[in-house]
Amino acid sequence: MAETSAATTDHPDAHTGLGHVVPLWVLAAVFVALLVLTVLTVAVTLVDLGNLNLYVALAIAGLKAGLVVLYFMHLRYDRPFHLVVFLGCLGFVVLFIALVLTDTRAYAPTLLPDQAPQMKDVHTPFGTPRP
Amino acid sequence: MTDATNVAGHHDEGWHLAHHFETPAQQFESGKLGIWLFLTTEILLFSGLFCAYAVYRANHPEIFAYAHLYLSKSLGALNTVVLIFSSFTMAAAVRAAQLGQTRWQVRLLALTLVCGFAFLGVKSVEYQAKWKEGLLAGRAYQPAAPPHGAVVPEPPQRAESATGAAGGQPESAGGMKLDKSTIAPAAVGRPGLSEKWLQGKAAHPDGHWVGPEPNNVQLFFGIYFAMTGLHGVHVLAGMAAIAWVLVRARRGEFGPKYFSPVDFTGLYWHLVDLVWIFLFPLLYLIH
Amino acid sequence: MTAIPTEPRFLGGLAPREDNYLTHQAGIGSWVFTLDHKRIGVMYLVAILVAFLLGGIFALLIRVQLLRPEGLLFHGSDLSVYKTYNQLFTLHGAVMIFLVLIPGVPGALGNFVLPLMLGAKDVAFPRLNLWSFYLYVLGALLALASILIGAVDTGWTFYTPYAAQTNTAVIPLVFGAFILGFSSIFTGMNFIVTIHKMRPAGMTWFRMPLLLWSLYATAIIQIMATPVLGITLLLLILERLFQLGIFDPYFGGDPLLFQHFFWFYSHPAVYIMILPAMGVMSEVIATFSRREIFGYRFVALSSIAIAVIGFFVWGHHMFPNGQSGPLNTIFSGLTMLVALPSAVKVWNWLATMYKGSISLQTPMCYSLAFFFLFAIGGLTGLFLASLSTNFHLHDTYFVVAHFHYVMIGGTMFMFIAGLHYWWPKMTGRMFNDALGRLACLLLFVGFNVTFFPQFLMGTHGMPRRYAVYKPEFQPYHVLSTIGGFLQFAALVLIAGYLVHSLYRGRRAAANPWGGSTLEWTCSSPPPHDNFPTPPVVRAPYDHKHLLWNETLGGYEWQPVENETR
């Protein structure tokens, strides 16, 4: 059993063994697609879509990122758990940014303009703050 | 372990099975999972900066609409193309290592390294320009002129924070003297949007800036330098790793049985590219 | 009677009988450059205990100051004398959290036990493990340097704008914490890969000991949360150096944004502290009740649930600080939710003990204390989760008592329990169990005398981080200080009999407690490569086949017919 003691962990198969090689034409095609999408990203800024510009830019960037992750970084051919790890990480990022953004937008109306004190002349008991 | 000869006829001299692993597959798989976990930590590291970006852009869009005009779109696009190309050469280098093609490995890794230098070169050109024009973060933000594409009628109000502002000296409840703030507020009127900006936007819907300089533009440059600076540090680290792998590749250490250093360094490099793929539109291509 | 070997000498006493990980190689170089997870665990243990002593000294100084309403050590009308007090509570918090609690159980105990429990030869990345330790040391040295340069007085939470403005050595301390973050991340990476890839044949996910589930859940948090602390501290450093203006309102920034960033890590960090402790709890309860854990799957999955839900609740540290109403509500509700998996664990442990054969040796005494202390700590968390009460209790001693109940009563008590439980395995010696139980009682009483009055004063309005206070609170503070010194005495006693056991303790058998997990199958101390022959994997917590052997002074497995793996 020692020989295959890795058996219960994750047994290597054709996709995850030491050898899956991405065909060169796939890499080249992805590269060309990325270039095209870059041109598209720049071109879209010349069109005024109002608020949508940001989302279109993010969508195109997301597409480019997807291509890099799936093909250059092999995730398409790797074991599914690596995809779980990557998507889980993205989930936490989205959670973080979404909640913080929601909060800052929600309390923005409560901010009073003109109320930040002039720190330079404040003398606290623990010394003057750094200028 | 010199018993492994492969298609190109060289030996995988760099390979040995670590004492605590049972099979080469286990060792390779462990390394791969390890590097993916490390990449997720890098993504989360940058997520803080993307969050700061999102917060400030959402609440003060006028700062971003104005300040991004200082950035050179063409240099940014050039850097994007350079990095994408370097990702391609890196992926091809990994492929060459898997096939045991020593010469191609070395060439492609060297090409990737050259692209890295090119990227940093363009970056330093941009940074030098910022320095010359006084476009730095925080207190050091002293712009020489408004950006191209902006029509600024009044001379910008430099927040001379060292000298006090005109106006009364209100006292707080605790008797501490509070100068009325010399920091002009970034947002007046509808939350997040300055009235002046709204008026300017109405006048020129194609995105060019017409109107006075918004307040607190230094925030944009704070975020800009933090994001591109941290990214640049990662590019440097990636280049160091690629250089080390290049040295080992020249010695013929990698082949179908052992190519994990090339593979893992490649994954790191692709991450660096991924971050830039988002940085470019968010910083340079704001409409 | 074995001939007394002439070398190697081991801690001044007799060398252990067989070659083991401590005697395998001698000399300081063999420790400094070791790749053996057991030696790395021991080095972590020593470093963490030193840090614990340092943090404890700061705590005692704080308590001495608070003996009098006008302050015993620092008093006067010139407020600048209280700067030292601010430095004391900042350093107490920073040292205890970053140098003791976060690395604590995973670093000192987990590093040692995890591969042994898995039946593996080492962790997946031994060199990374050593790097983890050296990054810990580097971070600790930077923190010490900051004390010497100009100790920070911002509170361990480094809230802006004060942290961006204060004239103390914020950057060394914060950079030290940044480095410690990487130590934590590397440990997390190591544990996840080891558990995924190095389980032996027959040990599927749901046949793993529960400590490993806990360490796995902890590692998820270490990897996902710590980088956000990294970027937060980096931005704070940039704020101080270049006045970036991201957090400092003087330059147009948002101080509440700092708090969001900071707590996104620091709340999951408290689960990094408690989850391994709960894992130790599972192990100790199972062994000393001689039963399998009731509801194994629920306990295992609740660790993952705590880890995940713990990411959704960070805003409860910021309820009165300016966070918006909708988010206050969301965070309040989610915080109540995170209590559920913890309760699941407590009920399952109690059910495990029911009709078990309970023996009250030292580790079990600490576990029983845990039930009481963690229940109080956890339930008082609900008072803080509820918005209406939080607004009164925020930044009072109620909060201080709450987190000390879970951090000391939860994490430190189980750290000490784990230390005692695996002490025979790590050192090959038994300690004096009667003294162990006495010290546990003393620590338990001292702890409650210290912190229970703090709940009361908190509800009466005594604010935290104050060097002076209104005279009506003095009785509570005096009680609290007395309790603090009682705890110190108990800890000195523990240190005393443990060190004594190294020289004069009875030699330990391979399995002195009757534990059913794999680390008890190898010798005490274990050999250099853990298992000369691969161990046989059984179902976890199967105590039926363990029988006491008087000559060995420990338990041994009886062979089972038709053993299925």
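Visitor: Over which residues of chain C does pLDDT stay under 50?
Guide: The model is a predicted one, and pLDDT stays under 50 over residues 1–15 of chain C. For this stretch the model has 16 contacts beyond four places in sequence. Where pLDDT is low, the predicted coordinates should not be read in detail.

Visitor: What is the average pLDDT of chain C, and how does the model score in ipTM and pTM?
Guide: Chain C has an average pLDDT of 92, and 96% of its residues score at least 70. The model has an ipTM of 0.92 and a pTM of 0.90.

Visitor: How many helices and strands does chain C have, and why is chain C called as compact as a globular protein of its length?
Guide: Chain C contains 15 helices and 2 strands. Its radius of gyration is 24 Å, and the globule rule gives 24 Å for 565 residues; the two values are close, so chain C is as compact as a globular protein of that length. Along the principal axes, the C-alpha atoms of chain C fill a box of roughly 75 × 50 × 45 Å.

Visitor: What share of chain C is buried, and what makes a residue count as buried?
Guide: A buried residue has 20 or more other C-beta atoms within 10 Å of its own. By that criterion, 58% of the 565 residues in chain C are buried. For chain A the share is 23% of 131 residues.

Visitor: Which residues touch the most other members of the largest nonpolar core?
Guide: They are Val95(C), Leu212(C), Tyr216(C) and Phe413(C), in a core of 279 residues. Helix H8 of chain C, residues 255–289, gives the largest share of this core, 23 residues.

Visitor: Why is this core said to lie between domain 1 and domain 2 of chain A?
Guide: Domain 1 (22–73) and domain 2 (79–106) of chain A both contribute residues to the core, so the core lies between them. The C-alpha centres of these two domains are 21 Å apart. Chain A itself has 3 helices and 0 strands, in the order α-α-α from the N terminus.

Visitor: With which residues is Leu212(C) in contact, leaving aside its neighbours within four places in sequence?
Guide: Leu212(C) is in contact with Leu114(C), Met117(C), Leu118(C) and Ile195(C). In chain C, 81% of the contacts between residues at least 6 apart in sequence join residues at least 24 apart.

How values were computed: Residues numbered from 1 in each chain as written. Chains lettered and ligands numbered in written order. Predicted model: local features only at pLDDT ≥ 70, side-chain atom pairs only at ≥ 80, totals over all residues. Helix = DSSP H or I, 4+ residues; strand = E, 2+ residues; numbered from the N terminus. Rg over C-alpha atoms; globule rule 2.2 N^0.38 Å. Buried ≥ 20, exposed ≤ 12 C-beta atoms within 10 Å, placed from the backbone. Contact = placed C-beta atoms within 7 Å. Domains from an automatic or database assignment. Core = buried A, V, L, I, M, F, W, Y, C linked by C-beta atoms within 7 Å. pLDDT = per-residue confidence, 0-100.
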